[in-house]
Amino acid sequence: MTEKIQGAEAEITIKEDTVVKKRPEKNYRHPELDERLREERTETEEKIISEARKYGVNAPEAEIKEDSTLEMEKVDGKTLKERVEEEPELLRDLGENIAYLHSEDIIHGDLTTSNAMVEKSTVVLIDFGLSFRSQRLEDRAVDLHLLKQVLDTSHPDVAEESWKNFLEGYREYERSGEVLDQLEEVEKRGRYK
């Protein structure tokens with residue numbers, strides 16, 4: 001069985017054992033620029049996934065195929081979004097994974113409960129399409145702010161418990177206190193609300 005999903009930037013094909021992410025041509029861009037952008041984004045995503053895995057983050061194996069296509073191992077399970085209501089303790093595992101990412105200056109960029117899968121009882125991060133490298137506390141805080149907003153809006157009944165569990169795991173990151181202080185500043189500014 002094959003399932004196709006059209007995302008904002010890519011076409012996702014879910015097969016029996018693999019997930020194929022293809023960045024299609026954008027006709028509104030100059031062909032050479034379009035090709036370069038699609039190739040660079042695919043290469044960046046593959047490199048960040050590989051680095052994340054090396055640092056202990058639960059993420060699927062990924063390999064670049066031709067024509068701006070990334071092939072990844074399929075994660076069997078449900079999204080964290082589907083499981084968080086019954087198992088808010090899963091957020092602790094997500095927190096640990098983000099601690100590992102942030103320790104290595106990797107920002108996920110789209111940290112939502114839809115971009116994490118639960119395979120058995122293990123949380124696996126997916127969709128690194130907006131990920132980037134940064135040493136800025138601000139970027140780490142914005143990563144967390146998005147997750148906090150998602151919990152508040154999509155999972156209000158378990159948001160507080162889920163956030164506490166997330167922070168338990170995230171405190172594995174030695175600079176977590178500084179990031180949480182910066183998160184307070186982000187929230188005060190209201191820039192991202």
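Reader: Which residue in S2 does Glu3 stand opposite?
Author: Glu3 stands opposite Ile14 in S2. Strands here are DSSP runs of E with at least two residues, helices are runs of H or I with at least four, and both are numbered from the N terminus.

Reader: Before I go on, what kind of model is this?
Author: It's a predicted model, where local features need pLDDT of at least 70 and side-chain atom pairs count only at pLDDT 80 or more, while totals for chains, interfaces and linings use all residues. Residues are numbered from 1 along each chain as its sequence is written, and side-chain values use heavy atoms, with hydrogens and water left out.

Reader: Okay, so how many bridges do S1 and S2 pair over?
Author: S1 and S2 pair over 4 bridges, in the antiparallel sense. For two strands to pair, DSSP has to find at least two bridges between them.

Reader: What's the strand order in the open sheet of 5 strands?
Author: The order is S1-S2-S3-S5-S4, and the pairing is antiparallel. S1 and S4 stand at the edges with a single partner strand each, so one side of each has no neighbour in the sheet. From one strand to the next, the twist averages 20°. Angles like that run from 0 to 180 degrees between N-to-C directions, using lines fitted to C-alpha atoms (for helices, over the stretch in contact).

Reader: What's going on in the hairpin of S4 and S5?
Author: There are 3 residues between the strands, and Asp67 takes a positive phi near 60°. S4 covers residues 62-65 and pairs with S5 in the antiparallel sense over 4 bridges. One of the bridge pairs is Ala62 with Met72 in S5.

Reader: Which strands does helix H1 lie across?
Author: Helix H1, residues 31-54, lies across S3, S4 and S5, and runs at about 25° to S5. Arg38 sits in helix H1.

Reader: Is Arg38 buried or exposed?
Author: Arg38 is buried, because its relative accessible area is 5%. With a 1.4 Å probe and protein chains only, buried means under 20%, exposed means over 50%, and partly exposed is in between.

Reader: And what is Arg38 in contact with?
Author: Leaving aside neighbours within four places in sequence, Arg38 is in contact with Arg23, Pro24, Glu25, Arg29, Asp67 and Ser68. Contact means heavy atoms within 4.5 Å. Asp67 is the hairpin residue with the positive phi.

Reader: How many residues are between S8 and S9 in their hairpin?
Author: There are 2, and Lys120 in the turn has a positive phi of about 60°. S8 (residues 116-119) pairs with S9 over 4 bridges, in the antiparallel sense. Met117 has Val124 as its bridge partner in S9, and Val118 stands opposite Val123.

Reader: Now Lys148. Where is it, and what does it touch?
Author: Lys148 is in helix H4. Not counting residues up to four places away in sequence, Lys148 touches Trp163 and Glu187. Trp163 is 15 residues away along the chain, yet the two C-alpha atoms are separated by 6.9 Å. Lys148 counts as partly exposed because its relative accessible area is 22%.

Reader: Last one: how much space lies in the largest pocket?
Author: About 800 Å³. Of the 32 residues lining the largest pocket, the closest to its centre are Ile5, Ile12, Ile14, Val19 and Ile126. On a 1 Å grid over the protein atoms alone, a pocket is an open set of points where a 1.4 Å probe fits, with protein on both sides within 12 Å along at least five of seven lines, and lining residues have an atom within 4 Å of a point. Grid points are joined across faces, edges and corners, and the volume is the space filled by probe spheres set on the points.

Reader: Which strands supply at least two residues each to the lining of the largest pocket?
Author: S1 (3-6), S2 (11-14), S3 (18-22), S5 (69-73) and S6 (78-79) each do.
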